[in-house]
Amino acid sequence: VELTALDLGESITFDLEILQLHALPDWARYPAGVAWAALQRGLPVSGIRAVYTSSVPIGAGLSSSAAVEVAFGALWNLLNNWGLNRLELAQLCQQAENRFVGVNCGLMDQFASACGVKDHALMFDTRSLAYEPVPLPAGTALVIADSGMRRTLAGSAYNQRRADCEEAVRLLQAYLPGIRSLRDVGLDDFNRFSSHLPEQVRQHASHVVEEIARVEKAVDLLKQGNGAAFGQLMYEGHVSLRDLYQVSIPELDTLVEIASRLPGCLGARLTGAGFGGCTVNLVEEETAQDFVQRLAQEYTLRTGKTGEIYLCHASEGVSVQTG
């Protein structure tokens, strides 16, 4: 396999029969991991010469790694007639990131890249793998604000939080023996038994339990077309990520605080693993251009840093164009 990453100005060649993580630069581990995961499943993987570029900022918490994995997975799926549907492709790419790259991520990032639906959010149940497109409010845009702070701690911090949530489940099983994960714990039960958890474990688990409740409420609000109430849940989610899950940083908090005071902004929160990266803002379309300019200006005034701001809309997931 010969890869050239135009954005980095780097190339590498590796042998599919000798896939070793330590022999590859970070950027090449994602496509190599997809090849490795496919070979683990007994799927054929052809040699390729690939040149690729991306409009997804690297290290900004926007799942650029998942986008690369899904793109290469879709390419090999076509070239080798794997016959995987989009969800199966996302699962293959998650396996690559978990077991080859070594990040214990869930399925969400790969799923979003593979299964996106234009102008919709996706309600995704990672246990049953059922999902449902839910329309985003009419007349709105998504504005992504890159803080310019890179997520140097995100990998290890993510794994620690996952371990804390698993520890919370283990301890709560003494009082709620039927639970398998925090999704099985309602708010009332959690509040009743959370005092039995160590403080850090309690805080991190509390965010997850409350966030699940917010997601369920958010789906109903989006179906009703209630963008203002949905946006309020975005703000509440950010506060929880900041205070309970403890993955925000001052720059992200500043972006959310500025956004909350600008005309046309319905909601804002950090997105991705935290410790840097981006915020996502739901903004009325008619004010979006002015919002982008004012958010960038005020962020620089407040922090002295330059933040890249992207005006976006929810789009389709991966596709392959030939010819």
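Start by selecting G267 and L282: G267 stands opposite L282, a residue of strand β8. Keep in mind as you click around that this is a predicted model.

Now widen the selection to both strands, β7 (residues 265-271) and β8 (residues 278-284). They run antiparallel and are joined by six bridges. Follow the chain from β7 to β8 and you'll trace a hairpin, with six residues between the two strands. Stop in the turn at G272, which has a positive phi of about 90°.

Select β1 (residues 2-5), together with β2 (10-13) and β3 (49-52). These strands make an open sheet in the order β2-β1-β3, and the pairing is mixed. β2 and β3 are the edge strands, each pairing on one side only. On average, neighbouring strands in this sheet are turned by 10° against each other, ignoring direction.

Zoom in on β1 and β3. Four bridges link them, and they pair in the parallel sense.

**Next: two helix pairs**

A quick tip before you select anything: two packed helices are described by the angle between their axes and the distance between the axes.

First, show helix α2 (residues 64-79) and helix α4 (residues 108-115). Their axes come within 8 Å and cross at roughly 55°. Are they parallel or oblique? With that angle, α2 and α4 are therefore oblique to each other. The crossing of α2 past α4 is right-handed. Show side chains where they meet: A66, A67, E69 and V70 come from α2, while D109, Q110, S113 and A114 come from α4. Colour that contact by class and you'll get four nonpolar, two polar and two charged residues.

α8 passes α9 in a left-handed crossing. On the α8 side, select Y235, H238 and R242; on the α9 side, select L252, D253, V256, A259 and S260. This contact of α8 with α9 has four nonpolar, two polar and two charged residues.

Is T254 buried or exposed? Its relative accessible area is 14%, so T254 is buried. Leaving out residues up to four places away in sequence, T254 touches Y299, R302 and T303.

Finish at R214, in helix α7 (residues 199-223). R214 is buried too, with a relative accessible area of 12%. Which residues does R214 touch, not counting those up to four places away in sequence? Select H207, L233, E236, G237 and S240 to see them around R214.

Note on methods:
Residues numbered from 1 in each chain as written. Predicted model: local features only at pLDDT ≥ 70, side-chain atom pairs only at ≥ 80, totals over all residues. Heavy atoms only, no water. Buried < 20%, exposed > 50% of the residue type's maximum accessible area, 1.4 Å probe, protein only. Contact = heavy atoms within 4.5 Å. Axes fitted to C-alpha atoms, helices over the stretch in contact; angles between N-to-C directions. Parallel < 35°, antiparallel > 145°, perpendicular 65-115°, else oblique. Left-handed = near helix turned anticlockwise from the far one by under 90°. Nonpolar A, V, L, I, M, F, W, Y, C, P; charged D, E, K, R; others polar. Pairing = 2+ DSSP bridges.
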